[in-house]
Amino acid sequence: MDAIYDVLGAISDVVWGPPLLILIVGTGIYLTFRLGLLQIFMLPAALKQTFSKKHDKTAQGDISQFQALTTALAATVGTGNIVGVATAIVLGGPGAVFWMWLSAVFGMATKYGEAVLAVKYRVKDANGEMAGGPMYYLEHGLKQKWLAVLFAIFGALAAFGIGNGTQSNSVANVVNNTFNVPNWVTGLVLMVFAALVIIGGIKSIGKVTSVFVPVMAVFYVFSGLLIMILNVTEVPGAVMTIIEMAFSTEAAAGGAIGAAIRYGVARGVFSNEAGLGSAPIAAAAAKTDLPGRQGLISMTQVFFDTIIICSITGITIVMSGLYTTTDQAGAGTLTSNAFGYFLGDVGPIIVAIGLIFFASSTILGWAYYGEKCFQYLFKNPSLLIVYRVLFIAMVFVGSVISLDLIWTFSDVANGMMAIPNLIGLLGLSGVIAYETKLIREKLKEEKAQA
């Protein structure tokens, strides 16, 4: 295991080197300015679209726009928001949170572009369901099928890491530390739950996540806000520490400015998945009349995930000061300890419950992503059961293996699937800009008619 970890670690260092970080953030910056700072000026309209009950009943798609959003949120709001933020702070210092924020702001434009292209180039598969995502816009839009195949391969593999093993591993560790339940027991329960929902396909997943996600998000956010309100005088100091350490050249908790940027961006991407190309797979299933409309709704995913939920975790950890005495091995329980620092014995229980909800829903969302990538590679529908069985089995395996190994594998797979997706976004940026023009005109028309 040590040898495998060393090899994966070396690959991860190369994959997540300056070129990929520049490509991820650079794509977001480019789209931000090409689309006229859309994520800032159209955020109110995007939030209104997200919670609107009006929808076009004649629009094609398998699930509602809100269900598409919650499925994508289910896949992203997971261990990245709790353990990922803690790991970033331990490895890169408090300044890593700032770089998570910055990458998220630009990532909103990236996520918008991904969803636009996903709906624009989606097709109906052999089962009569919508299929879309980077595989399809790379093949049909960019006309580069080899990039589409590469994405699908890494997407199908990444599902076992970011969307599966890391989730069950983190839940098992936190439940073990909080409630003294053996890891294998937690893994078994998670595996059975995942199997029951995954077998029902995207419609089953959409129904579960549309209830799961709002409840879990409100529960965790309310708890975090309670800590901040009760300790409101310490919040400004924590925020200032985050900003100051973002540009510090001194090592902080094992990381200087380079580490802060690397782990802030990498863990931010792990959390909100902007640029990975995963969320547009869910967006493609949405019932919508225009690609830009679903693009706006999908854009809010990054806002909820990183700007709100990750910020609560990061500020709470920094306020506690516990990151200064925590090493990488203890990062998995740092958030629990930070909540416990402020709320006593109930703190770790809140984090454990939140993590159970977060991780369980992430497994469901990524099961769908992995399936669609697998289906793109292997057209035979009967082979899908093989992937589902392997995916469900990995839920249990992930709960009992090394945390470091599974996180490093996830980093490698995430980076490798991001590269072809980002190339597609840049190459098709003209299509994104055109669809943005259409949705702006449509929203103006709807406003005039209201």
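## Residues and helix contacts

Tyr263 has its place in helix H14, where helices (H or I, at least four residues) are DSSP runs numbered from the N terminus. The model is a predicted one, in which local features need pLDDT of at least 70 and side-chain atom pairs count only at pLDDT 80 or more, while totals for chains, interfaces and linings use all residues. Residues are numbered from 1 along each chain as its sequence is written, and side-chain values use heavy atoms, with hydrogens and water left out.

With a relative accessible area of 18%, Tyr263 is buried, a term that stands for under 20% relative accessible area, with exposed meaning over 50% and partly exposed in between (1.4 Å probe, protein chains only). Leaving aside neighbours within four places in sequence, Tyr263 is in contact with Ala88, Leu91, Gly92 and Gly268, contact meaning heavy atoms within 4.5 Å. The C-alpha atoms of Tyr263 and Trp16 are separated by 9.2 Å, although these residues are 247 residues apart along the chain. Helix H6 (residues 79-92) is mostly covered, with 14 of its 14 residues buried, and just after H6 comes Gly93, which takes a positive phi of about 80 degrees.

Ala238, in helix H13 (residues 235-246), also counts as buried, at 4% relative accessibility. Not counting residues up to four places away in sequence, Ala238 touches Ile315, Val318 and Met319. The C-alpha atoms of Ala238 and Ser429, which are 191 residues apart along the chain, are separated by 38 Å.

### Positive phi outside glycine

Lys143 has phi near 65 degrees, a positive value in a residue other than glycine, and lies in the loop between helix H8 (134-141) and helix H9 (145-158). With a relative accessible area of 62%, Lys143 is exposed. Glu273 likewise has a positive phi near 65 degrees as a residue other than glycine, and its place is in the loop between helix H14 (257-272) and helix H15 (279-283). Glu273, however, counts as buried, at 0% relative accessibility.

### Helix pairs

| Helix pair | Axis separation | Angle |
|---|---|---|
| H10 and H18 (residues 346-377) | 9 Å | about 160 degrees |
| H17 (residues 334-343) and H18 | within 6 Å | roughly 140 degrees |
| H2 (residues 18-34) and H7 (residues 95-120) | within 8 Å | roughly 70 degrees |

H10 and H18 pack at an angle of about 160 degrees, which makes H10 roughly antiparallel to H18; angles under 35 degrees count as roughly parallel, over 145 as roughly antiparallel, 65 to 115 as roughly perpendicular and the rest as oblique. The residues of the contact of H10 with H18 divide into 13 nonpolar, seven polar and no charged, with Ala, Val, Leu, Ile, Met, Phe, Trp, Tyr, Cys and Pro counted as nonpolar, Asp, Glu, Lys and Arg as charged, and the others, Gly among them, as polar.

Asn164 is found in helix H10 (residues 161-179) and counts as buried, at 0% relative accessibility. The side chain of Asn164 reaches the backbone oxygen of Phe391 at 2.7 Å. Not counting residues up to four places away in sequence, Asn164 touches Ala159, Ile363, Phe391, Met394 and Val395.

H17 and H18 are oblique to each other, and their crossing is right-handed. In this contact, Thr335, Ser336, Phe339, Gly340 and Leu343 of H17 meet Val346, Gly347, Pro348, Ile350 and Val351 of H18, a set that divides into six nonpolar, four polar and no charged residues.

For H2 and H7, whose axes cross at roughly 70 degrees, the arrangement is roughly perpendicular. Val25, Thr27, Gly28, Ile29, Leu31 and Thr32 in H2 meet Phe106, Ala109 and Thr110 in H7, and by class this contact has five nonpolar, four polar and no charged residues.

Definitions and conventions
Helices (H or I, at least four residues) and strands (E, at least two) are DSSP runs, numbered from the N terminus. A polar contact is a pair of N or O atoms within 3.5 Å; within protein, one must be able to donate a hydrogen and the other to accept it, and residues adjacent in sequence count only if both atoms are side-chain atoms. Axes are lines fitted to C-alpha atoms, for helices over the stretch in contact, and angles run from 0 to 180 degrees between N-to-C directions. A crossing is left-handed if the near helix is turned anticlockwise from the far one by less than a right angle, and right-handed if clockwise.
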